Amino acid sequence: MMNDMRKIERDTAVSDIKIHARDVQVFYGDTHAIKDVSVDILDKTVTAFIGPSGCGKSTFLRCLNRMNDTIDIARVKGDIQIDGNDIYHPSIDPVQLRAKVGMVFQKPNPFPKSIYDNIAYGPRIHGLAKTKAELDEIVERSLRRGAIWDEVKDRLHEPGTGLSGGQQQRLCIARAVATEPEVLLMDEPCSALDPIATAQVEDLIDELRRNYSVVIVTHSMQQAARVSQNTAFFHLGNLVEYRETGQIFTNPEDPRTESYITGRIG
Amino acid sequence: MADVTAATDPGPKTGSTADAVRASLARRNRKQKILQVLGLGAISFAFLMLFILIASLVSSGYQAFTQTHITLEVFIDPEEVPLERLPRGGFDDVLEASLASVLKDVDPDDRATMRALGGLPSNGAQFRLRDRVVEDPDLIGQTITMTVPVSDPYDQLNKGLIDRRTPEENRRLKDFEIAWFDQLVAMEAISKPLNTGLISNPDSRFPELAGLKGALIGSFWALFVCFVISFPLGIGAAIYLEEFAPKNKFSDFVEVNINNLAAVPSVVFGLLALAVFIGWFGLPRSAPFVGGMTLALMTMPTIIIATRAALKAVPPSIREAALGVGASKHQVVFGHVLPLAMPGILTGTIIGLAQALGETAPLLLIGMNAFITSAPSGPFDSATALPTQIFIWADSPERGFVSRTSAAILVLLGFLITMNAVSIYLRNKFERNW
């Protein structure tokens, strides 16, 4: 039944390792939120993080672009490399990292600015466009990648907050890809969307796989099954099982994984 | 509510929960009713007090919004006002002579009568005449028409504030003076136009000439200086504390003390300003610049607290969005958070400035209650402010200052209401739902 919902053939074998994490620990004050997580995330692949609420999947995701740095009490230990570079090395500026690792959040959060400025903001602050024409081109390309160009091309200068929820989320995805990141992190991107908007965003995620390494946190196992090639199951801060998506749903190795996907814990 | 419990058949039996709910329903509804009545009562009381305040101010102050004037044909006698002695000359005698020429029963040679007659137009009338003649000396020898304020007792008489039935010896105007005034009324020489002098004149010893110009300009400069100092400093401090400062014992200590600062009585700030700004730095006393700096000390905590609240109210999702595309902390704060917090900051600032506008005690201590008869030309000139002007007028013995005090309070309240209305307008216009 899970197999029927899958849209894509699995082709994970050909991909390279994009993110290499070893023995990652995260503490919030005295709380040990992530325990010894080691995972290799492949390039040009959608990787889903699933697990019950509070299991640490979002926390781990936010380690990958050092978003946890903004929380005073959070401490991250361990080794996370993207393309072989340690992202927690003192010489790495989180600003530089986040230009390379884009992020889409749970709730659509467009800036209260025009659609154009929403997309152009990242390229502007990073100085990616020299001329207005170049910037226009980046905006159009990003909106096309966000699969929202046709809906907004005639109203680029209207506020982004005036769009529907699903459109806002695709706008946020377009904003994230405007800085040409190599990794795209998505933290429950569809949890605030209706089923139709969810389907549109999922189609988009599948498209994005061609250019990016996509990591998606989701509460919905069906969504993980539909969009991802690899799935990691987190439970109580531990990475319990990380395998090819088809296998984890049809033939889980760990009893906790099986309990979760059959609905006994969660 | 009683019929709920008295209902004979409340439908199908639903067990003990429904019974218990029904039993307590009347009591709960009654409590809610009582709360509503008390709330309405409190609001009505507040409105009643406000109404009484405004009504008493208007009833005593409305007379000050008009001023009795007299129109005279004045012959500028070259003997009294010789060209070579300008700007000196017997301008008061010229005015008295022109009055004597139109009134019956006035002996121009009786000095006591003439002195009494000289008290009919305002003391300022001779100076207005002088200024006109100095400006255009060709007027000497001509007859010109002048409209000047009458002095305070006649103004009171015209406004019905002097009772003609009072025995003469207890009255400020004698019978013959009232008779003169009645003659002038009969000649239609008396008018009662809008008192523009209330706004356009500086302070004066004479109520009919006293106006708020000096106080308005003084208050403007004081508020301007206050804004220029407290707005950037307050916002800067708030941004640092809210966005950049590490959360530790020291920042808690700073926060507690900012709240303490906001609660310090204003007279203490006045004494501080007297000791530091005037005593130590040697800045001029009575100057709006010093007043503005003193008010800035008081306004800054208000602005800091309002700004921090406004910054806190910007949802974290916007910060995350900006951080997520690689904005630095500085870019997040100045590019996204601060613009979104601006309406709240402005609202807090305007409310802080409105408080500063009405603040009296610190200004008294730095000498902004001096008697100054010219409007300040800059923030370093001596001046009064609106609240201290009210203080001075309320303290003055002349009858005319009673209504002028109320009128000045109305002007001050008008400014305060306008400022608060602007802040509410800004808040509503830029309010966002996230």
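I counted two residue pairs in polar contact between domain 1 of chain B and domain 2 of chain B, both at pLDDT 80 or more. A polar contact is a pair of N or O atoms within 3.5 Å; within protein, one must be able to donate a hydrogen and the other to accept it, and residues adjacent in sequence count only if both atoms are side-chain atoms.

This is a predicted model, where local features need pLDDT of at least 70, side-chain atom pairs count only at pLDDT 80 or more, and totals for chains, interfaces and linings use all residues. Residues are numbered from 1 along each chain as its sequence is written, chains are lettered from A in the order in which they are written, and side-chain values use heavy atoms, with hydrogens and water left out.

I looked up the bounds: domain 1 of chain B is 66-194 and domain 2 is 213-430, from an automatic or database domain assignment. Their C-alpha centres lie 46 Å apart. The contact (heavy atoms within 4.5 Å) takes five residues from domain 1 of chain B and four residues from domain 2 of chain B.

I then turned to Val102(B), which lies in helix H3, residues 91-102 of chain B; helices are DSSP runs of H or I, at least four residues, numbered from the N terminus. Val102(B) counts as partly exposed because its relative accessibility is 36% (buried is under 20%, exposed over 50%, partly exposed in between; 1.4 Å probe, protein chains only). Beyond its neighbours within four places in sequence, Val102(B) is in contact with Gln183(B), Leu184(B) and Met187(B).

Note on methods:
Helices (H or I, at least four residues) and strands (E, at least two) are DSSP runs, numbered from the N terminus.
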